[in-house]
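User: Please take me through the terms used for this model one by one, and for each label set the value against its definition.

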Amino acid sequence: MLRLLTQLPRPAKQIAILVLDIALVPVALIAAVSMQQLPRGLGNSVLSELQGVLLLMLIAGLLAFSMNLHKVQLKAYELRAMGKTAIHAVLMGLASAMLDDIAQIGTPMATFVNFTLIYFLLCASARLALLKILVAIYRRGQNLVRVVIYGAGRTGQQLAAALRNDDQIVPVAF
């Protein structure tokens, strides 16, 4: 597995992230519509129009590509990149509301707010989970250096916090 991940070219990894963003659209839509107590049920909602869901997935891919979300490395996914993900989710919520309005389905606005929040949480959580999985795979393939930090004061705690981000050194005790 480690060999496969290290030999995979960067464009292939970027495509995988882009596909993940696209695949999370119907998941978020299903969750958002399921949270609403629609009087007509799920049959007459955004999900009832397969073409609308496919169009929304296409919009998600184009937006993510134009915002370069797929190019953000997992290890560099921090506050600014999360902000871009939030903007992407808001734009997706607006796009889904506009598609619903064009199709005159009449889904409540709260469904689109829920969709936006769920889509953001799914995208951010998926990236963070992938990072954890990849770090675990990389660490499994390398010998770890276990260290004991001499001094449990502020400096020792700062050193331990810095070493937690290192892939090869693991603080085990103070």
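User: Where do Phe115 and Tyr119 lie, and how many residues apart are they?

Analyst: In this predicted model, where local features need pLDDT of at least 70 and side-chain atom pairs count only at pLDDT 80 or more, while totals for chains, interfaces and linings use all residues, Phe115 and Tyr119 both lie in helix α5, residues 109-140, at a separation of four residues, about one turn of the helix. Helices here are DSSP runs of H or I with at least four residues, strands are runs of E with at least two, and both are numbered from the N terminus. Residues are numbered from 1 along each chain as its sequence is written, and side-chain values use heavy atoms, with hydrogens and water left out.

User: What makes the pair of Phe115 and Tyr119 stacked?

Analyst: Rings of Phe, Tyr and Trp (its six-membered ring) pair if their centres lie within 6.5 Å, and planes under 30 degrees apart count as stacked, over 60 as edge-to-face and the rest as tilted. By this rule the count comes to one aromatic pair. The ring centres of Phe115 and Tyr119 are 5.7 Å apart and their planes stand at 20°, so this pair is stacked. As for their direction, an α-helix has 3.6 residues a turn, so residues three or four places apart point the same way.

User: Why is Phe115 called buried, and why does Tyr119 count as buried?

Analyst: Buried means under 20% relative accessible area, exposed over 50%, and partly exposed in between (1.4 Å probe, protein chains only). Phe115 has a relative accessible area of 0% and is therefore buried, and Tyr119, at 0% relative accessibility, counts as buried too.

User: How do you know that Arg127 and Asp21 meet in a salt bridge?

Analyst: A salt bridge is a side-chain nitrogen of Lys or Arg within 4 Å of a carboxyl oxygen of Asp or Glu. Between the side chains of Arg127 and Asp21 the N to O distance is 2.8 Å, and they meet in a salt bridge. The pair links distant parts of the chain, with Arg127 in helix α5 and Asp21 in helix α2 (residues 10-35), 106 residues apart. Arg127 is buried because its relative accessible area is 2%, and Asp21 is buried because its value is 0%. The structure holds one salt bridge.

User: Which residues does Cys123 touch, leaving out those up to four places away in sequence?

Analyst: Contact means heavy atoms within 4.5 Å. With residues up to four places away in sequence not counted, Cys123 touches Asp21, Leu24 and Thr85. Cys123 is found in helix α5, and its relative accessibility of 2% makes it count as buried. The C-alpha atoms of Cys123 and Leu24 are separated by 7.2 Å, although these residues are 99 apart along the chain.

User: How do you know that the span of α4 agrees with its number of residues?

Analyst: The expected span of a helix is 1.5 Å times one less than its number of residues. For the 25 residues of α4 this gives 36 Å, and the end C-alpha atoms are 36 Å apart, so the values agree.

User: Is Ser96 buried or exposed, and which residues does Ser96 touch?

Analyst: Ser96, which has its place in helix α4, counts as buried because its relative accessibility is 1%. Setting aside residues up to four places away in sequence, Ser96 touches Leu56, Phe112 and Phe115. Other buried residues in α4 include Thr85, His88, Met92 and Leu99.

User: What makes the nonpolar surface patch, and why does Leu94 count as partly exposed?

Analyst: Patches are made of residues with over 30% relative accessible area and no salt bridge, with like charges joined within 9 Å and nonpolar side chains (Val, Leu, Ile, Met, Phe, Trp, Tyr) within 5 Å. Ile87, Val90, Leu91, Leu94 and Met98 make a nonpolar patch of about 450 Å², with areas from the Shrake-Rupley method and a 1.4 Å probe, where for residues only the protein chains shown count as cover. Leu94 is found in helix α4, residues 79-103, and at 48% relative accessibility it counts as partly exposed.

User: What is the phi of Asn68, and where is Asn68 found?

Analyst: Most residues other than glycine have a negative phi. Asn68, however, has a positive phi of about 60° although it is not a glycine. Asn68 is found in the loop between α3 (50-66) and α4, and its 35% relative accessibility makes it count as partly exposed.
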